[in-house]
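Here is a short report on one protein chain. It looks at the fold, then at charged side chains, then at a pair of helices.

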Amino acid sequence: KHLFPVNPDKVRQGKIALKDVPYMQRGGSWDNSDLTGKKGWMNTGFGMKAFNDGKAKEVKANKYDQKYNGNSKPAMSFFGSAAKTESIKVRAKKNGISADQQMWRDAGALSVEQARKRRGGAPKINQNKAGAGDDKKFFGLF
C-alpha cells in the first residue's frame with residue numbers, strides 16, 4: 001500500500017488522485033491528515049501540483065503507532081528519553097536553522113564550526129616535506 005510506482009505526469013494531470021499516491025511519494029502524512037477535509041488542486045510536500053478528490057479517509061493509529069508517537073510512557077535508554085517532544089520544524093525555528101539542518105543536528109552531525117574546532121583537525125598533506133626529492137622506488141624497497 002505504501003510503495004508502488006506512480007507516474008508523476010499522471011498525478012500532475014489529475015488522472016491519479018492524491019489519495020492513491022503513497023504518502024512517501026507525495027511528501028504527505030502516513031495517516032492522510034494532509035488530504036482529509038480538502039478537495040481540489042493542491043501542492044504536495046514535494047511542490048508538485050496535484051488533484052485531491054476529497055475522498056481520502058484518515059487512518060487511525062494502532063497501539064504500535066501510539067507507542068512510537070509518544071502517547072504512552074516514554075522509553076528510557078542510555079542516551080536519554082525516546083519520547084517525541086516537538087516537531088523538527090518547531091525546533092528548527094527556535095534554533096534559527098532550516099529543518100534539514102535540524103534533522104542533521106538531531107542525528108549527531110557536527111556543524112561547520114564544531115568540525116573546525118575538533119582536536120587535531122583534518123590531516124595536513126604537504127608535498128614539499130614528504131620526500132619531495134626522493135626518487136620513486138619499487139614498493140619503497142629498491
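This is a predicted model: local features need pLDDT of at least 70, side-chain atom pairs count only at pLDDT 80 or more; totals for chains, interfaces and linings use all residues.

## A first residue

Asp20 is partly exposed, with 37% relative accessibility.

Residues are numbered from 1 along each chain as its sequence is written, and side-chain values use heavy atoms, leaving out hydrogens and water.

## Salt bridges

How many salt bridges does a search of the whole structure find? The search finds five. A salt bridge here is a side-chain nitrogen of Lys or Arg within 4 Å of a carboxyl oxygen of Asp or Glu.

Asp20 and Lys19 form one of them, at 3.2 Å from N to O. Lys19 also bridges to Asp53, at 3.9 Å. Asp53 is buried, at 16% relative accessibility. Shared partners join Lys19, Asp20 and Asp53 into one network.

Another salt bridge pairs Asp34 with Arg26, at 3.2 Å from N to O. Arg26 is buried, at 3%.

## The fold

The chain has six helices and four strands. Their order along the sequence is α-α-β-β-α-β-β-α-α-α. Helices (H or I, at least four residues) and strands (E, at least two) are DSSP runs, numbered from the N terminus.

The chain has 142 residues, and 15% of them count as buried.

## Two crossing helices

How do α4 (residues 88-95) and α5 (residues 99-106) cross? Their axes come within 8 Å and cross at roughly 100°. That makes α4 roughly perpendicular to α5, because angles of 65 to 115 degrees count as such. The axes are lines fitted to C-alpha atoms over the stretch in contact, and angles run from 0 to 180 degrees between N-to-C directions.

Ile88, Arg91, Ala92 and Asn95 in α4 meet Ala99, Gln102, Met103, Arg105 and Asp106 in α5. Contact means heavy atoms within 4.5 Å.

Terms used: Buried means under 20% relative accessible area, exposed over 50%, partly exposed in between (1.4 Å probe, protein chains only). Angles under 35 degrees count as roughly parallel, over 145 as roughly antiparallel, 65 to 115 as roughly perpendicular and the rest as oblique.
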